[in-house]
Amino acid sequence: MAQKPRECRAEVAAIRWPRPEVIEVDLRMVEPPDFVFEAGQWISVPFGPKVVRAWTILSSPTRRRTITLSVDVVPAGLGSQWLRALKVGDPVEFKGPTGGFVFNRADPRRAVFVAEEIGIVPVRAILADLYETGYGRPTILIYWARDPSWLLYDGEFRSLARRYPGFTYVPAVREAPAAWRGETGEAAGAVDRLVHSVDKLVVYVCGGGDTIDAVRNALVKKGMDRKSVKWEKFW
Ligand SMILES: Cc1cc2nc3c(=O)[nH]c(=O)nc-3n(C[C@H](O)[C@H](O)[C@H](O)COP(=O)(O)OP(=O)(O)OC[C@H]3O[C@@H](n4cnc5c(N)ncnc54)[C@H](O)[C@@H]3O)c2cc1C
């Protein structure tokens, strides 16, 4: 059942840098001790009376005591600076869970996920949840990045594809090294080439507004209903 957002307290349990521009922060819950949320939802951290930053939960909802955020801190704004300064043990207050970019298991349509770089965060949470809790239906992830080093959690998706024949992982990059075996170009081009039929299809796309628009336009051109393209705009 959907949870109402509430004021929460946590403390920083661990910090990792999967690449120099991306920080992962584990938040151990204090109040409530168990944080109930749906995969794909986000939390908001306040920075003033009307200033907040939203970050999506990377970890699966099966892990309620410690949640993980994964953030691209290149924008260097208020939120990025605050994250860079965090230390293990620091208290963190936030409000959540919020957001409707969640997967509907009762939906009989085939699902395609499209993510742009750090936009993988809700998709990673949704896929982790689906496969941890048993999901046998065919699903495709088209994951775009400027180059292969920005395909965060790539190893995890490759492993998922090896273990679950119904899961197809297609990485796509703009700058491909010579040995690259995957799609090249932009995200919308990959979607255009890989999605042959939009019949009984639902697409979840997350990343920047330009990519969301381009992906949606490519699908609408194939006859897809705009409402069947669900999106979460990070920037
Ligand atoms: C619902 C929601 C969920 C989000 N979840 C995440 C998440 O899980 N991880 C994450 O890294 N970000 C996420 N974001 C973006 C996040 O809220 C911040 O905008 C981001 O962390 C930068 O914060 P900032 O204060 O440093 O810079 P801001 O002042 O917020 O941003 C400065 C500028 O950079 C743009 N920008 C923000 N992020 C990026 C980016 N990755 N690449 C290019 N430009 C960008 C902003 O649109 C703005 O123009 C989410 C946004 C929304 C609305």
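Tyr 153 is placed in the loop between strand E8 (139-145) and helix H3 (154-163), where helices (H or I, at least four residues) and strands (E, at least two) are DSSP runs numbered from the N terminus. The model is a predicted one, in which local features need pLDDT of at least 70 and side-chain atom pairs count only at pLDDT 80 or more, while totals for chains, interfaces and linings use all residues. Residues are numbered from 1 along each chain as its sequence is written. The protein is divided into domain 1 (6-98) and domain 2 (110-233), with bounds that come from an automatic or database domain assignment.

**Backbone features**

- Tyr 153 has a phi near 65°, a positive value in a residue other than glycine.
- Tyr 153 counts as buried because it has 20 C-beta neighbours inside 10 Å; a residue is buried if 20 or more other C-beta atoms lie within 10 Å of its own, exposed if 12 or fewer, and partly exposed in between, with C-beta atoms placed from the backbone.
- Ala 76, in the loop between E5 and H1, likewise has a positive phi, near 60°, in a residue other than glycine.
- Ala 76 counts as exposed, because it has 10 C-beta neighbours inside 10 Å.
- Glu 31 and Pro 32 are joined by a cis peptide bond with omega of about -5°, and Pro 32 is in the loop between strand E2 (22-31) and strand E3 (42-46).
- A cis peptide bond also joins Gly 96 and Pro 97, with omega of about 0°; Pro 97 is found in strand E6 (residues 91-98).

**Domain arrangement**

- The centres of domain 1 and domain 2, taken over C-alpha atoms, are separated by 24 Å.
- Across the boundary, 14 residues of domain 1 are in contact with 12 residues of domain 2; two residues are in contact if their C-beta atoms, placed from the backbone, lie within 7 Å.
- On the side of domain 1 that touches domain 2, strand E1 (6-19) and E5 each supply at least two residues.
- The residues on that side of domain 1 divide into six nonpolar, six polar and two charged; Ala, Val, Leu, Ile, Met, Phe, Trp, Tyr, Cys and Pro count as nonpolar, Asp, Glu, Lys and Arg as charged, and the others, Gly among them, as polar.

**Ligand surroundings**

- The ligand is surrounded by 20 residues, of which the closest are Pro 75, Gly 77, Gly 79, Ser 80 and Trp 235; a residue is near a molecule or strand if its C-beta atom, placed from the backbone, lies within 6 Å of it.
- Strand E4 (52-56), strand E5 (66-72) and helix H1 (78-85) each supply at least two residues of this shell.
- E4 gives the most to the shell, with four residues.
- By class, the shell residues comprise 11 nonpolar, six polar and three charged.
- The ligand lies between domain 1 (6-98) and domain 2 (110-233), because both give residues to the shell around it.

**The parallel sheet**

- Six strands form an open sheet in the order E10-E9-E8-E7-E11-E12, with parallel pairing; two strands pair if DSSP finds at least two bridges between them.
- Strand E10 (183-184) and strand E12 (229-233) stand at the edges, each with a single partner strand, so one side of each is left without a neighbour in the sheet.
- Strand E7 (residues 110-116) and E11 run parallel and are joined by six bridges, and Ala 111 stands opposite Val 202 in E11.
- Strand E11 (residues 201-207) is joined to E12 by five bridges, and these strands also run parallel.
- E11 is largely enclosed by the rest of the structure, because six of its seven residues are buried.

**Thr 168 and helix H3**

- H3 lies across E8 and E9, running at about 145° to E9; axes are lines fitted to C-alpha atoms, for helices over the stretch in contact, and angles run from 0 to 180 degrees between N-to-C directions.
- Thr 168 is placed in strand E9 (residues 167-173).
- Thr 168 is partly exposed, because 15 other C-beta atoms lie within 10 Å.
- Leaving aside neighbours within four places in sequence, Thr 168 is in contact with Ile 140 and Ala 161.
- The C-alpha atoms of Thr 168 and Ile 140 are separated by 4.7 Å, although these residues are 28 residues apart along the chain.
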